[in-house]
Amino acid sequence: MERKTVSDEKEMVERRIERLCSHLGAQSLTEEYQLAMASCAKVMVKFPVSSVVLTDYMKGKHRCLQEKILQYFRDRPELQTPVEISKDEHRELTMRQLQGLVREAGIRPLKSLLEDPYQYFAITEAAGTIDLSLAIKLGVQFSLWGGAVMNLGTQKHRDKYYAGIDNLDYLGCFAMTELHHGSNVQGIQTIARFDPQTDEFIIDTPNEGATKWWIGNAAVHGKFAAVFSRLILPGNEPDEVLDMGVHAFVVPIRDLDSHKPLPGVEIRDCGYKVGLNGVDNGALKFHSVRIPRENLLNRFGDVSRDGQYTSSLPTINKRFAATLGELVGGRVGLAHGSVGVLKTAVTIAVRYSLLRQQFGPPKQPEISILDYQSQQHKLMPMLASTYAFHFATVYLVEKYSEMKKSQDENVIADVHALSAGLKAYVTSYTAKSLSVCREACGGHGYAAVNRFGALRNDHDIFQTFEGDNTVLLQQVSSDLLKQYKEKFQGGTFNVTWNYLRDMMTTYLSEANPVIARREGEDHLRDPKFQLDAFRVCLKVP
């Protein structure tokens, strides 16, 4: 075997470095190897960034609305949440914040939710900057309680309840979760039995495990509840009953004038929580509470005066899927809101790291801790991820808005999968990142005034409500496997042909984007090019 000389080795190294530099856009190497990196570095021109333009772009078209909300609270120190506050004081302050936002600042979240979801999520993001308890209480009132009435009801319900929900006269709850059933909604046990003699439904909590639990607005402020119950109808035989599955009902829980619990309604307080103590979570039990038949939110199923059930959907499972499908906005909101929390935390940590100085050369000023690679390794990937999550959730909101307008089945399926995956991934990432940001700020990050503790505690539940993250990821996995299975439908020849067609399409579209050397702005900003570039980088040994 021929031995390689030193000259051969040198030439081979030169060729490899030359190729790498050509990929980076650098000039050719000279014989002076000490200057090689300087030659490459010369082309690394600083990219000019306008903070004003970038801020406008990131804030989007609703920046003025968000600034209006923030300015409203800046001008009212009495509505700003102090560091030290009791549970009861926090609940009342959060209520005053919500009333001020709607009745004084003129913000109309319900109108935005129904007409422009992107605007609604911009409102909740701004509210979360003030206090996450405010954002959640706002979401309970308009997205959950209001969304249930508007999306699961029909025109008669919208006519009756819209104004009261919009102006906060009808504060309400979303009563789905029970003490013994959270993720398994089809297993809930609360009963709504139809009485054909009085043309009423009788709402009952059959046992302690069926108590509605963790219900926002229930403990103090709520006057109504959208109660999810099993609809029970009398059968043809004397002792026969028909279970038509889970439906939603509007149930008054407090007197509109005295604000006392109505007869048969038992209300408990869930007490202190790890976070979000500005939200009055409570428990609800119903003891033969009678409501008119019209209180059934009957978009997907109705009961006539004589007790006959009708629905455009043939099975319990289809009706259940349609019902939950209309509530996916809450999951979209949580993914979007979690990114808002991540933005706040990363901004605090990066700004602190830029200003904080520690150590440095002898007899020289100390240097910013952001100049240390260890600090950069903590924060810069997180900063990049925050931008990525921002654009991902903006896309999700756009798809959700499209879904509400078109009701296209393919778009609905996309939104379900995207919202489940993003909600699970983003909230888990944010939860971990909050601790990293606190640690990156050292001892000063432990001061309550710097908000890391409150953000971490308030955000923690984002991983659980609107779908436990583990369950959501299993749903995403199931959907991906279903799509994968569909690739193999149609027999051996069709499967082989589809595979070869996809492979050829990929081969033709993935010409090495680095070697192509297209440098136009439109090309470099094209997400497909960026994705292809990452794939090429991953294939380089």
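Excluding residues up to four places away in sequence, G330 touches S143 and E466, where contact means heavy atoms within 4.5 Å. G330 is found in helix α11; helices (H or I, at least four residues) and strands (E, at least two) are DSSP runs numbered from the N terminus. With a relative accessible area of 13%, G330 is buried, the term being applied under 20% relative accessible area, with exposed over 50% and partly exposed in between (1.4 Å probe, protein chains only).

The model is predicted, and local features need pLDDT of at least 70, side-chain atom pairs count only at pLDDT 80 or more, and totals for chains, interfaces and linings use all residues. Residues are numbered from 1 along each chain as its sequence is written, and side-chain values use heavy atoms, with hydrogens and water left out.

Helix α11 (residues 329–355) also holds T344. T344 counts as buried because its relative accessibility is 18%. Leaving out residues up to four places away in sequence, T344 touches R451 and L455.

Helix α11 is among the elements against which the buried residues of α7 pack, together with α4, α6 (109–115), α8 and α12 (373–406). Eleven of the 14 residues of α7 are buried, so this helix is largely enclosed by the rest of the structure. The buried residues are P117, Y118, Y120, F121, A122, I123, T124, E125, A126, A127 and G128. From its first C-alpha to its last, α7 reaches 20 Å, close to the 20 Å expected at 1.5 Å a residue; the expected span is 1.5 Å times one less than the number of residues.

Helix α4 (residues 63–74) has twelve residues and should span 16 Å at 1.5 Å a residue, which agrees with the 16 Å between its end C-alpha atoms. In α4, the buried residues are L65, Q66, I69, L70, Y72 and F73. Seen down the axis of α4, these buried residues fall within an arc of 155 degrees, so they line one face of the helix; the arc is that of the directions from the helix axis to the C-beta atoms. The cover over the buried residues of α4 includes α3 (51–59), α5 (87–104), α7 (117–130) and α8 (132–152).

Among the strands, β5 (residues 224–234) and β6 (residues 241–252) run antiparallel and are joined by ten bridges; two strands pair if DSSP finds at least two bridges between them. β5 and β6 form a hairpin with six residues between them. The bridge partner of A226 is V250 in β6.

A separate description applies to the open sheet formed by three strands in the order β4-β8-β7, with antiparallel pairing. Its edge strands, β4 (212–215) and β7 (265–269), each pair on one side only. Two bridges join β4 to β8 (residues 282–286), and I215 stands opposite G282 in β8.

Overall, the protein has 19 helices and 13 strands. Of its 541 residues, 43% count as buried. Among contacts with a separation of 6 or more, 68% are between residues 24 or more positions apart. The protein exposes about 30,000 Å², of which carbon and sulfur atoms supply 56%; accessible areas come from the Shrake-Rupley method with a 1.4 Å probe, and for residues only the protein chains shown count as cover.
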